[in-house]
Every structure is written in C-alpha cells, then in structure tokens.
Amino acid sequence: MKAEALKLALDYVHRWTVIRDDERYFVDRGLLAMKRGYVELGWRLAERGLIDYPMDVFFLGHQEAFDLCYGRGNPVLDRLKIKGRFRDWKREDDKEVVAPLFLRNGQGVQFDETPDADADLSGAGLSAGRAVGTARIIKSLREIGTLTDGDILVCNSTDPGWTPVFGVISGLVLETGGRLAHGSCLAREYGLPAVQVPTAMSRISDGATITIDGTTGAITVDAHVGAQNPPVQFQAE
C-alpha cells in the first residue's frame, strides 16, 4: 500500500512540476515588465531631484514611490529611508549579517551569529561522502576567483550562477537550505560531500583545513588559521 501511494504521489508531483516550470516564463516576463516600469519611475524621480539615483526607487515601497512622484511624499524623509534600507541590504548582501531564516508569530528568527567558541553546532548531511581540504569562505560570486582545486566551499547559499565552482571544489558547506536546495542537489550530481551548518561562515576561518562528512553532517577543523575562531568540532545530532 505504501509503494502504491508513493507511485501515485510521485506521478502527481511529476505532472505538476511540468506545469510549475511552464508558468515560470510568464511570471518572469511579468516581473521584468514591472521592473522596467519602476526603473522609468526612478529616472523621473531622479530628474526631478526627488531621489539621488534612479535605482534608489527600489528602496522605496510602492506607495512611497508614487506618493513622491505625485507630490504627496516627503523627499527628506524618503532619502533617509533609502539610505537606511540600502545600508541594511548591503550588509546582508555582503553577508555581514544573517537575514532571518524563519518567521515565528510574524517575527524573524535567525541563528546566533556569534555563538560560544566552545559550543558544538548541529550539522545536517546533504550529500554523502567525506572530504578534507582548505575552507574557503565565499560571500558572493565576486569572490569565487579565490577558489583553487580541492578547496571546500563555505557559503551562505548557491544559485545557478555558482555552478562552475562545483568542478573545482572537493566539498561544500552551506549555511541555509536543505536536501533540495540548489547547492545540495548539485553536490549530489557532482559526487561531492556537502553539509549544512548554520553560521558556518562565522565559525570556520578562511584557509583552515577542515574535514566534512556529508553522511553524518560532521565537520572537524583539523588545522586552524588565525586567532578569530579556535579549533572546534561540529557534530550532527
């Protein structure tokens, strides 16, 4: 009975996956049209001196932007909002802070960015296998040029733009996602061990020699680099 139920569910998933992929083109096309509209609005606001740069419009809400356009907004206040929102976005984009990963009663919940140095972190195995290599902390695609053959990539998450690095690295440590995340799926396709450890980028020193076990979720820091993080053993519960 379980096998037949699985077959039924799997067939259902396969059929709806095709429908999901078919509609993505139209969603992206609609979003592109909206983006072009907001870019044009940004240019008009900038030409009137209401914002400093056309792209600043993306740091205003829909109503805020149109209120500003029709003379109902407060340019001074809106400039301060743009400045603050850009600062917060840049910190998150540079991975200086970790964005809330879950919502609990409407409030963001995020992992401790500065856990106790002697505390163990729970890891989750994403792709089976074991690898030993140099940990390379990569915050964005702009830094992938620092990777060399055999490095273990430690990052917050990956997307299709990161695919070329999977032919270089020997293992992967992600902070977010799960077994169906982009990095997890590619790691299995490339036969690379992968582990998920929240706050891994702040717990593992760049250049440290580490061992990862994609089956158990364990990470061991074999050779520590620098004084920021003492050697620590990460073991899956």
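**Exercise 1.** How many nonpolar, polar and charged residues does the lining of the second largest pocket have?

*Solution.* The model is predicted, with local features requiring pLDDT of at least 70, side-chain atom pairs pLDDT 80 or more, and totals for chains, interfaces and linings using all residues. Residues are numbered from 1 along each chain, and side-chain values use heavy atoms, without hydrogens and water.

Step 1. A pocket is an open set of points on a 1 Å grid over the protein atoms alone, where a 1.4 Å probe fits, with protein on both sides within 12 Å along at least five of seven lines; lining residues have an atom within 4 Å of a point.

Step 2. The lining comprises D93, K95, I138, K139, S140, L141, C155, N156, S157, T158, D159 and W162.

Step 3. Sorted by class, this lining has 4 nonpolar, 4 polar and 4 charged residues. The second largest pocket holds about 160 Å³ of space.

**Exercise 2.** Characterise the aromatic pair of F59 and W89.

*Solution.* Step 1. Rings of Phe, Tyr and Trp (its six-membered ring) pair if their centres lie within 6.5 Å; planes under 30 degrees apart are stacked, over 60 edge-to-face, and the rest tilted.

Step 1. F59 and W89 are edge-to-face, at 5.9 Å centre to centre and 65° between the planes.

Step 2. F59 lies in the loop between α1 (2–47) and α2 (62–69), and W89 in helix α3 (residues 75–93), 30 residues apart.

Step 3. F59 is buried (under 20% relative accessible area), at 18%.

Step 4. Ring pairs join F59, F86 and W89 into a cluster.

Notes: Points joined across faces, edges and corners; volume = space filled by probe spheres on them. Nonpolar A, V, L, I, M, F, W, Y, C, P; charged D, E, K, R; others polar. Helix = DSSP H or I, 4+ residues; strand = E, 2+ residues; numbered from the N terminus. Buried < 20%, exposed > 50% of the residue type's maximum accessible area, 1.4 Å probe, protein only.
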